[in-house]
Each structure stands twice: as structure tokens, then as C-alpha cells.
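Please read the sequence alongside the 3D structure shown here. The paragraphs that follow go through a few places in turn.

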Amino acid sequence: MDTNTIFSKALQLHPLTEDEAVHIYEHAPTDKLMAVASVIRQKHVPGKTVGWQIDRNVNYTNVCLSGCLFCNFHCKPHETDKHYTPAIEEYCEKIEALFAIGGNQLLLQGGLHPSFKLEFYESLFRELKKRYPTLKLHALGPPEVAHIARLEKMTYRETLERLIDAGLDSLPGAGAEILIDRVRKQVSPAKPDAQSWIEVMREAHRLRLATSATMLFGLIETLRERVQHLLKIRKLQSEKPKNATGFLNFICWPVQLKGTKLAKNYSLKPVTPIEYVRTVAISRIVLNNIKNIQASWLTVGRDTAQICLYAGANDLGSIMMEENVLAAVGIKERMDVKSMVHTIREAGFEPYLRNQHYQLVEQSVSARVCV
Ligand code: SF4
């Protein structure tokens with residue numbers, strides 16, 4: 001297989017086959033991968049702008065049935081002394097702090113709670129929207145939706161319709177990990193399977209809900225399985241209705257092993273910065289129908305995230321006020337508004353404060369802290 005022929009095909013934005021993508025992932029030099037990915041970024045998003053966002057994570061519960069081996073955040077239903085569910089006043093305090101620095105979106109995530117049924121999420125969303133009509137809710141994820149649907153004996157579509165009606169604005173691609181059941185069965189034994197993730201996303205696209213796609217890698221998957229994951233995302237995007245938003249972006253990040261059952265049960269090597277950069281570049285090259293590729297500064301650090309801007313990424317995501325899931329595996333990296341702007345400028349790009357839909361946000365509040 002000839003690397004240059006594969007690159008020419010990719011540069012015309014033609015979809016690569018699995019074997020072609022695996023070939024360049026395994027064999028192409030990193031500088032070549034980065035250069036090709038950068039040219040493709042220019043075709044999707046011309047210029048030097050790099051998107052970023054102000055939003056805030058809030059975890060609605062840490063109780064979870066799934067027991068993912070890489071997760072130190074959750075607790076089991078029987079560990080009642082560890083249960084956590086914020087009161088509405090806590091939400092209000094966090095939302096007001098978010099508004100004060102110019103953000104208006106909550107990333108609401110949590111575990112698969114055995115007894116939180118649809119009504120819990122509907123009343124939470126409604127109450128938050130009643131108190132803060134301009135608040136945006138980027139909430140749950142396909143495994144949560146599948147779990148709620150199972151509890152309620154409803155279809156994914158009905159569940160999503162009810163959540164949208166209650167105030168869900170967009171659906172994060174959380175819980176995709178690697179969309180290969182051989183991997184999922186070992187690392188996330190009780191999580192809904194790959195097909196459920198895909199089916200929930202398919203319904204979300206049909207309902208015109210904006211979504212994102214993700215990949216958590218460095219688990220026990222092979223390079224080929226990572227590529228297969230990307231191809232499933234690409235296929236799903238290609239199937240969305242013409243006027244649907246579909247996946248707004250794609251974000252991959254390496255698993256954090258510290259203190260996890262995953263590290264105890266398997267002898268895994270952490271993903272290196274170079275492997276991360278290569279994976280971002282491969283994502284940009286393979287996902288020819290997704291416009292925005294995000295680098296995860298939180299998990300790989302600012303320096304590596306800056307390099308990813310030369311490997312096809314055009315977005316650094318959110319400053320992530322209050323992140324608890326990765327903090328539970330020792331991630332201490334933090335970013336405020338000022339340092340996000342500085343990080344993008346220092347790498348030679350122009351920061352672009354955006355909302356979930358990649359529309360420019362007026363920098364009335366943030367501009368004061370940015371300059
Ligand atoms: S990653 Fe999510 S689904 Fe998995 S155990 Fe943690 S909270 Fe549960």
C-alpha cells in the first residue's frame with residue numbers, strides 16, 4: 001500500500017478504507033500525518049482561528065451501575081455514604097459563577113443511577129430553565145439515554161423527545177469509549193453496548209439534536225479497533241438527515257490510568273504525547289465529514305494540545321470549570337479564560353470564543369479578562 005496515494009485520496013476529502021487508515025496510522029511519519037491533517041483542517045475551517053468555550057461541568061450523581069474500570073469517580077448503589085446529588089441551590093451557585101465569567105452552558109453528566117427515572121431529569125432540566133432561561137444544557141450522553149429508556153421501557157426516540165421537551169439543548173458524545181464490544185465488555189462491563197450508543201445518536205440526529213462524537217483510547221484496543229471506531233462515527237455522520245446538525249465536533253482523549261482498576265487488571269502503558277498527536281491527526285484525516293476536531297488540553301496538557309493545532313485540530317474545547325471525573329484519576333490541569341486565550345495565541349492562532357454551535361460569542365464579559 002502506498003502512503004502517498006492514500007494521502008492524495010485523503011487530501012481530496014475522499015473516505016479512506018479501514019486498511020488505508022490503519023496503514024498510515026501505523027507507518028506514516030508523524031510530520032507527514034500532521035502536515036496532511038493541517039491541510040485538511042484548512043479545507044474544513046480555513047484560517048488561523050481556534051475555537052474555545054466557557055462552560056461548566058456539574059455531576060448530577062456519582063452513583064453508577066456501570067463500573068467502568070477506568071473510572072474512579074463513581075460509587076456503587078450500595079455505598080450510600082458516598083452518594084452525591086447536588087441540591088438545586090448548589091446548581092444555582094455554580095450557574096451564577098458561570099454567568100459571571102461569560103459562560104451560559106452546563107455540561108451535565110453523571111452515572112447510570114439505578115432509580116433516577118426520566119422524571120428526575122425532566123424536573124431538573126425544567127427547574128434550571130425556569131430559573132435561568134438563557135442557560136444551555138449539554139447533558140447526559142447515549143449510555144445515560146439508553147439506561148433511562150430501559151428503566152422506563154421506552155424507545156430511545158421517546159426518551160430523547162421528552163428530554164428535549166424538558167430543556168435538553170445538545171447531547172454530548174460521552175460514553176463512546178471505543179465502539180467495539182470486545183473492548184467494552186472488558187472495560188465497561190455493565191455499560192450499554194456499542195450499538196446502543198450508535199442507535200441513540202442516530203435518533204438524536206433524526207430529532208435534529210446537535211451532538212458531539214468522542215473516543216477514549218489507550219484502553220485495551222488495537223490501532224485497528226481505533227480506526228474501526230472512527231469509521232463507525234464517520235458512517236453515522238453520513239447517515240444523518242440532510243438538514244440535521246449531526247456531530248458538531250470530534251474529541252479524543254487518552255485514558256488516565258492512575259489508581260484505576262484498569263491499571264491493576266491490565267499492564268497498560270500510558271498514551272504518549274506523540275501517540276496523542278498522531279491520533280488527532282488520524283481523526284482529522286479519517287473523519288472527512290466532521291468539521292471540527294478538538295484537542296483535549298485537560299488530559300494531555302497545554303503543550304501537547306498546542307502541537308495538535310498543527311495536527312488538524314481547530315478547537316480546544318472548554319475551560320471546564322469544575323471537572324470531577326478526570327480529577328478523580330489525578331488530573332490537576334486547570335485553565336481559566338485568560339490562560340485559554342494565551343495558550344491559543346502562544347501557539348500562533350487566533351482564539352475564537354464560541355457557543356456549542358460554533359457561533360461567535362460576544363465577548364462582553366470575557367473580553368475584560370482576555371485583554
Ligand atoms: S465512566 Fe460514567 S458510566 Fe462509567 S462508571 Fe464512571 S460514571 Fe459510570
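Just after helix 15, Gly348 takes a positive phi of about 100°. The model is a predicted one, and this angle is a value computed from it. Helix 15 itself covers residues 337–346, and its buried residues are Val337, Ser339, Met340, Val341, Thr343 and Ile344.

The relative accessible area of Thr211 is 1%. Because buried means under 20% relative accessible area, Thr211 counts as buried. What does the side chain of Thr211 contact? Its partner in a polar contact is the side chain of His205, at 2.8 Å.

Glu93 is found in helix 4, which spans residues 88–100. With a relative accessible area of 61%, Glu93 is exposed, since the cut-off for exposed is over 50%. Glu93 is also one of the residues of a negative surface patch, together with Glu89, Glu90 and Glu96.

Ser238 sits in helix 10, made up of residues 223–239. Is Ser238 buried or exposed? Its relative accessible area is 54%, and the same cut-off of over 50% applies, so Ser238 is exposed. How far apart are the C-alpha atoms of Ser238 and Lys48? They are separated by 27 Å, while along the chain the two residues are 190 residues apart.

Terms used: Residues are numbered from 1 along each chain as its sequence is written. This is a predicted model: local features need pLDDT of at least 70, side-chain atom pairs count only at pLDDT 80 or more; totals for chains, interfaces and linings use all residues. Side-chain values use heavy atoms; hydrogens and water are left out. Patches are made of residues with over 30% relative accessible area and no salt bridge: like charges are joined within 9 Å, nonpolar side chains (Val, Leu, Ile, Met, Phe, Trp, Tyr) within 5 Å. Accessible areas come from the Shrake-Rupley method with a 1.4 Å probe; for residues, only the protein chains shown count as cover. A salt bridge is a side-chain nitrogen of Lys or Arg within 4 Å of a carboxyl oxygen of Asp or Glu. Lys and Arg count as positive and Asp and Glu as negative; His and the chain ends are not counted. The place of a charge is taken as NZ of Lys, CZ of Arg, CG of Asp or CD of Glu. Helices (H or I, at least four residues) and strands (E, at least two) are DSSP runs, numbered from the N terminus. Buried means under 20% relative accessible area, exposed over 50%, partly exposed in between (1.4 Å probe, protein chains only). A polar contact is a pair of N or O atoms within 3.5 Å; within protein, one must be able to donate a hydrogen and the other to accept it, and residues adjacent in sequence count only if both atoms are side-chain atoms.
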